[in-house]
Every structure is written in C-alpha cells, then in structure tokens.
2 protein chains.
Amino acid sequence: MMSNLLTSSRATLISAALTAVVASSSLAQTAPAAKDIAEAQPKPSYGEVIKASPAGDWRPIAAERTLYLDLASGGRVVIELHPEIAPNHVANILALAKEGWYDGSAIVRSHDNYVAQWGDATESKPVKTAKRKLAGEFTTPVGERFEFTRLPDADGYAPEVGFSHGFATGRDPKAGTAWLAHCYGTLGVGRGNTTDSGDGTSLYVVTGHAPRHLDRNITTVGRVVHGIQHLSALPRGTGNLGFYEKPSERVPIKSIRIAADVPKAEQLSIKVLRTDSATFTRAVEALRNRGGDWFKVPAGYIELCNVQVAVRVE
Amino acid sequence: MMSNLLTSSRATLISAALTAVVASSSLAQTAPAAKDIAEAQPKPSYGEVIKASPAGDWRPIAAERTLYLDLASGGRVVIELHPEIAPNHVANILALAKEGWYDGSAIVRSHDNYVAQWGDATESKPVKTAKRKLAGEFTTPVGERFEFTRLPDADGYAPEVGFSHGFATGRDPKAGTAWLAHCYGTLGVGRGNTTDSGDGTSLYVVTGHAPRHLDRNITTVGRVVHGIQHLSALPRGTGNLGFYEKPSERVPIKSIRIAADVPKAEQLSIKVLRTDSATFTRAVEALRNRGGDWFKVPAGYIELCNVQVAVRVE
C-alpha cells in the first residue's frame, strides 16, 4: 500500500480540525513525555495555516537584491540577499553580477552534507568594478530598527535566534550584532584563512545539515528561495573537500544576473511569507507541535533551521 | 586563488599545534563573545584527533547486521543496523533481505532536504518469511547495560542525547527508553497513520537537515556508514512529497543483502570509531571548539547531528 510509505513530510501534513493556535514559548529542553500524547489537541497543520494566510502576510522579494543563477544546463536557482546583513559584501556581489563576472564561471565543489560552491575555476578572471578586498562581515552591527522576530526556542549556537525579513538569523543583544545562520540554503562568501579574503568571487550554498559552527566565522549574505535542487542534487565531488577532480566534472554557470536587470516579462514573481506576521507565528507553532493523524508525540520544540519560511512562485 | 575558496570543512581542519584537550561540559546556551577569540588556544583538529587514535578505539561493524544496498547502476550504500534499538524491526528487515524481498525494488522518492525512500513500487510483491504486522518501536525500553555515551550539550528534542555503538541516540531516563535520532543518514521504517503499519518493506534514509520532529514518531533502525551520496545526490522527485512521478524516474535497486551472506572476499572491511572511547570524546571537543588558523570564534557547543562518527573503509 502506498499508505505504508512515509506519508508525513515537511511539505504536507494532514490534521483533523482547524482550531485556533496560540504560539507558546517553548524554552523547555525536555520534550514531552509519552503521557502527554493523549492531551495533544487537533490543530491546524502547517499547510492549513499557510493556506488560510491573508495576502498581506506575504511580501514580494525585491528584484534589486535577487539573483538568478542560471546553469548552462538550464536550471535556475533564485537567491535573495538580505538588505542589511553584510552590506558591503551584498553590494560587491551585486557589482560582480552587474559586470557579468559570474557568467561562464562554474560550480567547482559539491561536498556531501555540506556545501555546493562556485567561482572562477581558472582563477584568472579579472574583476572590473567590484572590490577585491573587503573586511569580513561575519556579524553586522544592528540598531533598534533591525527587523527581528525572535524564536522562543533555545539554541546552542547563539544567544538569540529568529527571523529577519524571512532569513534565519542569530543575534547577540549584548554585542548589538546579527548574522545569518548557516541553515540549509544559506548563501555565504568563501574566504581563506584571513578574515578579509572573501570578496564574493567564491560563493557557497549550504546543501546539508546546518553547519552552524560556521556562524560568525564567515560572511553570510542570503538564501536560496527557489530551485535549490539544482545545487543539492549535483553529483558529489570525489576530490578533497568535495571538489570536482576533473575540469569536465565542473558544472558550468551560464550567468548570474540581478533580477531587476532581466526584462520584466522574464522575471519570476516570488513571494515570501512575512516572518513578522501572525501567520508565521502560527506556522512555526504548527511545526513545533504537529497535529493531525500521523504524529503521535509533538516535539514541543523547534530548532531554528527546521523552521520553513514559505515561498510562493506565482 | 584556490585559498579564496572555503577551505575549511567538516572533513579536514588545519590546526597550529597538537596539544592535549580536555573535553568540557558545554551546556551553555550562550556562544562565546568576540572577546573570547583571543583566548582560544591552538588545539588538535578533528582530523588530527582521528589520526592519532589507537587501533583499539575502533570496532569492525558486524557483518550480521550490515546491509549492502546495491543499485542497479552500480553504487553501493552500506547500512549498519543498531543491535538493540527496535529489535523486532531489525529482525524483520534482516528477514526481508534474506528472502530477497528488496531485490528488484526501487527508490521511489527523493524529497529535497528530507529523505530518500524505497520499496516495492508495484505494491504487490509477496512477503514470504518476514512479518507483515509489527507493533511500532518508536522508542525501546533500555536497561542499565544499554551502551550510551551522553553528550553534555543541551538538546531541544530529547531529555538526553548521545551515542550508542556509534549511533546518534536520544534517551529518556525517566521513561527508561532510547531511540535513534533523525540525523543525516539515519535509516527509518516508513509507516502509515497507524503505529503498527511499518514492517520494513518501505525504508527511508534522511538526506537533509535533521528532521528531529520525527523522533519517537516512527521506528528508526540504523544509519548509512558508507556511500550515502548514492542516495543524497539522486535527482529530486517532482511529485507530491518528492515521489518520482514517472515509473521511469525510479531508481532500480539490484539487491539488498546482509553483508554476512556475501562471499568473504566481497565483504567490505569497515571500522567505526567507538563512541565510548577517549578518542571520540576528544573528537567531539575538536568539533565543538574548533582550533586552527581558519576558525575565529569557537562555537562552544555542538548539536547532536553535527557530531561526526568517523568511519574507515579499509
């Protein structure tokens, strides 16, 4: 029977009834005991929460800070950059895209359960307008006006975690800094051993279990909002660190363009659920304590990188 | 410059010096502040710890509870089953392998950032010797003699987490139960809505960020110790839940055999680092607080599924 397959998933959950959900603080480190199962109430599933969301809880992603990574083979990866995190690196990546620097580059590394990474395999391509040296922006000073919806669930890698404009974010209130967490799909800037050696000519996307130990050690700038399978399902490199050993194994990149520079008719209409919305709070609770017929023990907790930020491609 | 690429990884770290490491308890939820950076001492890297390990800290995996999943296309995935977790399901999976039930089955689902799953796509294959109905073993009663090396780092999904015979494990000391955590590479038993609907004819491996909310909701039985890229890099299914839409997209499985049933000369010699060894404790600390030239801020924490349990294929 097909019903014998794992029928539950992150994408679709079935629940018994639509009831109001009050998001609860879940700092508890102890998951609920078996006796709590019977107390679990039917509640809306994640899918039902998303379906019931008002249009105002969604925002279009800004074409000026969206990248289209088009593989020569035809796949498109859509990346949104964060408006305030790592502003110098975001500006440099946009400059590199504008001057066409990424066009004809290649994915040079596919490291299982870690990252896909691209750049200029020949290491000789001249940079025209972008900067070649930038101070690392591993964390960024953020002021009072920084948009941040804190997740109440405890996290071992950061004093505070939550979401800013749809991006999984760490925050240190004492230091007054924030950074994008290394979750599945996060875009970061490759660097060497010195903190100023990353300029955006080498970029990577997390394609495995969140390597959160990289947080605050490297500059993070955005996340994949569409088409990540074109990176995550690539053959793994057999060289050290997952680099492709033969040039013929590299995956050619046709171009990386800023969405705003593409003719309007060719632009994708993508909306992201506002992470400062009531729908998002309900969606997180639906993931934290899953209802429906399939789940028997609600987790009572959600880890930052297990939170989905819903995306609609229209 | 190649050095401009992300040169650090889970697999290889470079560190300045080999010094003794004392594993510290890291229950702190607050990661170290920037000022702590200068205090970080050079320490052996994970790779150095593994390299320096005595032979006695490794154990060969037992052929009687190891599966070789051979794809028709030639790739081999090696899976180790846990000796005590879910004993009835482990016995049933071994019975299914012995009767050749999996031979000619197929991977039917590749769900990005979630699971690869296989079974009998025709849903008509008769089971000869194995059981068709088994009570769920979502958790298993464990006694005093259950091997468990507790990780001191706090976890939101379980009262206690650690490692048992090399497997990431959750434990509830009050209930006296344990279960394998859903980390990257964990093998689980697909089921429908009823708790007794999983029998081993549908199995899945986690190929994305750890879906820990599945813990205690489904029977887990083992983990992939070698060749996971043959599952994780498969094209993603475009159907609902990542199922392949067309039969031609399914990935044929030549056979799943118990290693002990394969001629000796064809058996792989695989060793796993003992998770109750001093080397393992040192290795975890090397991952929790990474030294070397590349890392600037040690995390001071490690999340269960970010711990690597080293495997050697000889």
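1. A residue counts as buried here when its relative accessible area is under 20%. In this predicted model, A:Cys183 and A:Cys305 are both buried.

2. These two cysteines are also bonded: a disulfide joins A:Cys183 to A:Cys305, with an S to S distance of 2.0 Å. A:Cys183 sits in the loop between strands E10 (177–180) and E11 (186–189) of chain A, and A:Cys305 in the loop between helix H4 (278–288) and E16 of chain A. The link therefore connects distant parts of the chain, 122 residues apart. The torsion about its S-S bond is about -70 degrees, so this disulfide is left-handed.

3. Over all chains the count is two disulfides. In chain B, B:Cys183 is joined to B:Cys305, with S to S at 2.0 Å. B:Cys183 lies in the loop between E10 and E11 of chain B and B:Cys305 in the loop between H4 and E16 of chain B, so the pair ties together parts 122 residues apart in sequence. This link is left-handed, with -70 degrees about the S-S bond. Both B:Cys183 and B:Cys305 are buried.

4. The second largest pocket holds about 1,200 Å³ of space. It is lined by 46 residues, and those closest to its centre are A:Val225, A:Ile228, A:Gln308, A:Val309 and B:Asp112.

5. By residue type, the lining of the second largest pocket divides into 23 nonpolar, 18 polar and five charged residues.

Definitions and conventions. Residues are numbered from 1 along each chain as its sequence is written. Chains are lettered from A and ligands numbered from 1 in the order in which they are written. This is a predicted model: local features need pLDDT of at least 70, side-chain atom pairs count only at pLDDT 80 or more; totals for chains, interfaces and linings use all residues. Side-chain values use heavy atoms; hydrogens and water are left out. On a 1 Å grid over the protein atoms alone, a cavity is a set of points where a 1.4 Å probe fits but cannot get out, and a pocket is an open set with protein on both sides within 12 Å along at least five of seven lines; lining residues have an atom within 4 Å of a point. Grid points are joined across faces, edges and corners, and a volume is the space filled by probe spheres set on the points. Ala, Val, Leu, Ile, Met, Phe, Trp, Tyr, Cys and Pro count as nonpolar, Asp, Glu, Lys and Arg as charged, and the others, Gly among them, as polar. A disulfide is a pair of cysteine sulfur atoms within 2.5 Å. Helices (H or I, at least four residues) and strands (E, at least two) are DSSP runs, numbered from the N terminus. Buried means under 20% relative accessible area, exposed over 50%, partly exposed in between (1.4 Å probe, protein chains only).
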